[in-house]
Amino acid sequence: MKIRNRYRLSRLWLAVVIILLGVLAGYLVGRESILHATDSRLKDYADSILQREDELADEVTDTLKQANASPYPPCSEDDIILLRRLTFVSRFLKEVARIQNNAFLCSATSGIAPDPIPLRKPDILLRDEIGVSMRYPLHQPAGDHAVVVVQRRSGLVLSPDVFSEFSRPPFHFVVRLFNPVTGATIPEVAQDVRTASRIPGKKIRQNDAISWTRCSDRNPMCVEASIRLADIWQSSQSLLFGYVATGSTAGILCGVTLMFAGGNGRSHTNQL
């Protein structure tokens, strides 16, 4: 009788262990599945923003080319009409301006300035004499700031909502502009951005967040997309619970099967 009781106790503990292993397996599989799905979504999110960066850079380059090729005298009626046409057909620009002697003379929306407005030194100077200022103080409307791009005879003011449609919490992103000559970035960021500009993509999993760095092959622009781990688990509680429940169910079924199989194996008929 003692041997039989010990055998039943051993089978009971083994069943409990199997159930616990099922719970653990469900948790681990669920956790890795959720992280893998989040990695994929984060990469697609970064890719979509990178595509917008390329579209923006292409429009800036093309608009500067057309504005600099104006055959009209600076700020003449025909020249201002050209600037207005370029502003009207653009997707991401709020203003196209004429520059002479390192000063703004006129623009598509403001017309001719009463006095030339001296240009400030750009934050970063790219190839082809393209200068970029990240928070340039505007005269109209006064007090506002914008990203301003200048090249020779022309200046552009970028729309502040170029990337507004990509505001999708809990995902977050930062657009970076780097100097392809020196590798410096605006604003200053870690070395990873400069390194990532030479590879298709770079994923970084830290203790509290996951981030993807994607850089354009055609333009000096990068995007860092990230999500906090706390936000991942908060938004995936029900899904993770489903994985744990599935693992628990599998463990319970295996444990019950073991109990019944072991009981039948120790019946009086089988013992005889």
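Is L28 buried, partly exposed or exposed? L28 is partly exposed, with a relative accessible area of 44%; buried stands for under 20%, exposed for over 50%, and partly exposed for what lies in between, with a 1.4 Å probe and protein chains only. The model is predicted, so local features need pLDDT of at least 70 and side-chain atom pairs count only at pLDDT 80 or more, whereas totals for chains, interfaces and linings use all residues. Residues are numbered from 1 along each chain as its sequence is written, and side-chain values use heavy atoms, without hydrogens and water.

L28 sits in helix α1; helices (H or I, at least four residues) and strands (E, at least two) are DSSP runs numbered from the N terminus. Together with V17, L21 and L24, L28 makes a nonpolar surface patch of about 350 Å². Patch members have over 30% relative accessible area and no salt bridge, with nonpolar side chains (Val, Leu, Ile, Met, Phe, Trp, Tyr) joined within 5 Å and like charges within 9 Å. The areas come from the Shrake-Rupley method with a 1.4 Å probe, and for residues only the protein chains shown count as cover.

Charged side chains come next. With a salt bridge taken as a side-chain nitrogen of Lys or Arg within 4 Å of a carboxyl oxygen of Asp or Glu, the count comes to six. D47 takes part in a salt bridge with K43 (3.3 Å, N to O). Both residues belong to helix α1 and stand four residues apart, about one turn of the helix. D47 is partly exposed at 22% relative accessibility, and K43 is partly exposed at 29%. D47 also meets R214 in a salt bridge (2.6 Å, N to O). This pair links distant parts of the chain, since R214 lies in strand β11 (residues 209-215), 167 residues from D47 in helix α1. R214 is buried, with a relative accessible area of 13%.

E165 and R52 form another salt bridge, with the closest N and O atoms 3.0 Å apart. E165 is in the loop between β7 and β8 and R52 is in helix α1, so the pair ties together parts 113 residues apart in sequence. E165 is partly exposed at 47%, while R52 is buried at 9%. Both belong to a network of salt bridges that links R52, E55, R91 and E165.

The open spaces remain. On a 1 Å grid over the protein atoms alone, a pocket is an open set of points, where a 1.4 Å probe fits, with protein on both sides within 12 Å along at least five of seven lines; lining residues have an atom within 4 Å of a point. The largest pocket holds about 970 Å³ of space. Its lining has 37 residues, and L56, V149, L158, L177 and M221 are the closest to its centre. Helix α1 (2-68) and strands β5 (130-137), β6 (145-151) and β8 (172-178) each supply at least two lining residues, and α1 gives the most, six. The lining divides into 21 nonpolar, eight polar and eight charged residues.

The second largest pocket has a volume of about 540 Å³. Of its 27 lining residues, E95, S110, L138, H139 and Q140 are the closest to the centre. Strand β3 provides the largest share of this lining, five residues. The lining of the second largest pocket divides into 17 nonpolar, seven polar and three charged residues.

Methods: Grid points are joined across faces, edges and corners, and a volume is the space filled by probe spheres set on the points. Ala, Val, Leu, Ile, Met, Phe, Trp, Tyr, Cys and Pro count as nonpolar, Asp, Glu, Lys and Arg as charged, and the others, Gly among them, as polar.
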